[in-house]
Amino acid sequence: WHIKTEEYRSIEIKTLTTEESERLSFGFAGNLSYCFIDDALLGSEDIEILKFMIAHLKGGTGETLFDDSGYNDAVKSVGPDQDISFFFNMKKLIQTYSSKDPSGQMKMLTDNLGFDNLENISAAAGIARKTGSSFSAKINVKIDGEKKGIFKMLDLKSSPLKAPDFLPASVYSMTVINADLPNAYTELYKMLTAFNPGIAAILNTPLIPPSQPDQPSLLLKTSVIDYLGSQFIYAQQLNKPFKNRKSPTNTFVAIETTDHINLEKSLKEIHGKLLAVNEPDSTRELLGHTIYILKMKNLPMFAMRNPGGDPDEPDQQDVNMPNFAFTVLNTHLIIGSEESVENIVRNLNSKEAVSLNSAQWFNTAKSNATPSVGAAIVEDSNAAAEAMWWTIKQFAEMVKEGNDSNNNPQAAEFSVLGPIKPELLPEFETVSKYFGISVFQGISTADGFSFQYNYLDAQNMK
């Protein structure tokens, strides 16, 4: 780096420059100019912009961002808590990049994705502004006119934040998105068609040919997508007691269905004729529900064997691979590990099972969210940290065992865990008081989207 100094209106400006060959490749011009005015640090990669700011602070005139009504409306919309704030004039940014692309590819990309009427994104964050909260933030996305493309796909339907009854109290993180899934699929198809009709046509390829000439083909949209509802849930639960060589958490997905009978009929055919061919033990009945098992070795991305292996002998990698599974409840399609799906079915049919809706942390999170949400991520950060804590210590044990058996240097441990020294970590109970509850929520508005985040202190866990 080289430093050049110059004076402008009695202010000393320093410019850092680097050689052309050493400049970064993601748009940074290679220059950074900065100065101090009283207790403020100003900086820009364009020295003329920096001089413009200095001139205004010294009494100069001329139109600034503050004169833009869009900016002022955006700043007001994110509220008064602005220890940190951001404003992105997306419309101008997109226009600038599009004007520099004579091929027109940039304009085609933004138009097809629905970014052509994206106006601006504003955000603000407050640190310890409210009692019981150490951090809060708000983000607004403003769209000029009708939502299109990705924004139409993600157009959210507001409903009360509530966990389905089959979610157990051991769930520590729940992501819920309320969006019309069939409509989202239709919009995706339109976008793909605009980019490449040939790729879009693949979505209309029959998943399974009809077994009889007079029967319709099984298509993704009409046989699966059209039977889905407007709720998508991604949940994680603690897998206690923690055990060596076993994941401390389970993850599963729940997708609302509007016609569970026809959805299961389609999925049963896909499973039997495409995903579990010649697998006699790939289904089983449990408490009135069919569990469809997906063995990893049968999925295309995992269907690999060791070179030279005996095709009649099970691959050791196959033996260690966990089974995935799905089942169709009256209200939701459940996808996850075989163990997770089985536990959900048992939980749904047990009178003694404790639902997530009764968990204290979940109710605290709900009480700090708006009555209705389009999307939400709520997490017991205490439980998430406990799982991470245990995982770090397990990694350390595994590395230590490997070093002891292979005489590897301790540098191997650093490469796996970075600068973390697991042997210095106390028991989790010692630090658990520092982890609270995380609440993120979003809604669709008439002119875009609005998102809020709140991190509740550990005292809210009591």
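1. Start with α6, where Pro-182, Ala-184, Tyr-185, Glu-187 and Met-191 are buried; buried means under 20% relative accessible area, exposed over 50%, and partly exposed in between, with a 1.4 Å probe and protein chains only. Those buried residues pack against α4 (105-113), α5 (149-153), α8 (220-223) and β10, with contact meaning heavy atoms within 4.5 Å. Helices (H or I, at least four residues) and strands (E, at least two) are DSSP runs, numbered from the N terminus.

2. A word on what you're looking at: this is a predicted model, in which local features need pLDDT of at least 70, side-chain atom pairs count only at pLDDT 80 or more, and totals for chains, interfaces and linings use all residues. Residues are numbered from 1 along each chain as its sequence is written, and side-chain values use heavy atoms, with hydrogens and water left out.

3. Back to α6 (residues 181-195): its 15 residues reach 21 Å from first C-alpha to last, close to the 21 Å expected at 1.5 Å a residue. The expected span is 1.5 Å times one less than the number of residues. At the start of α6, a side-chain oxygen of Asp-180 comes to within 3.1 Å of the backbone nitrogen of Asn-183. A polar contact here is a pair of N or O atoms within 3.5 Å; within protein, one must be able to donate a hydrogen and the other to accept it, and residues adjacent in sequence count only if both atoms are side-chain atoms.

4. Have a look at the start of α2 (residues 69-77) too: a side-chain oxygen of Asp-68 reaches to within 2.8 Å of the backbone nitrogen of Gly-70. Just after α2, Gly-79 has a positive phi of about 90 degrees.

5. Which residues have the most contacts inside the largest nonpolar core? They are Leu-161, Leu-167, Met-174, Leu-356, Phe-362 and Val-378, in a core of 32 residues. A nonpolar core is a set of buried Ala, Val, Leu, Ile, Met, Phe, Trp, Tyr and Cys residues joined through side-chain atoms within 4.5 Å. Elements giving two or more residues to this core include β9 (171-178), β10 (228-238), α12 (360-367) and β17 (375-380). Not counting residues up to four places away in sequence, Phe-362 touches Lys-162, Ala-163, Met-174, Leu-356, Asn-357 and Val-378. Apart from this core lies another, of 16 residues, among them Leu-218, Leu-263, Ile-270 and Val-328.

6. His-289 sits in strand β13 and is buried, at 12% relative accessible area. Leaving aside neighbours within four places in sequence, His-289 contacts Arg-284, Thr-327, Val-328, Leu-329, Val-345, Leu-348 and Asn-349.

7. Asn-239 is in the loop between β10 and β11. Buried or exposed? Asn-239 is buried, with a relative accessible area of 11%. A polar atom of its side chain lies 3.3 Å from the backbone oxygen of Ser-247.

8. Four strands make an open antiparallel sheet in the order β1-β2-β3-β4; two strands pair if DSSP finds at least two bridges between them. β1 (2-8) and β4 (40-44) are at the edges with a single partner strand each, so one side of each has no neighbour in the sheet. Seven bridges join β1 to β2 (residues 11-17), and Lys-4 stands opposite Thr-15 in β2.

9. For the overall tally, the protein chain has 15 helices and 19 strands, and 38% of its 462 residues count as buried.
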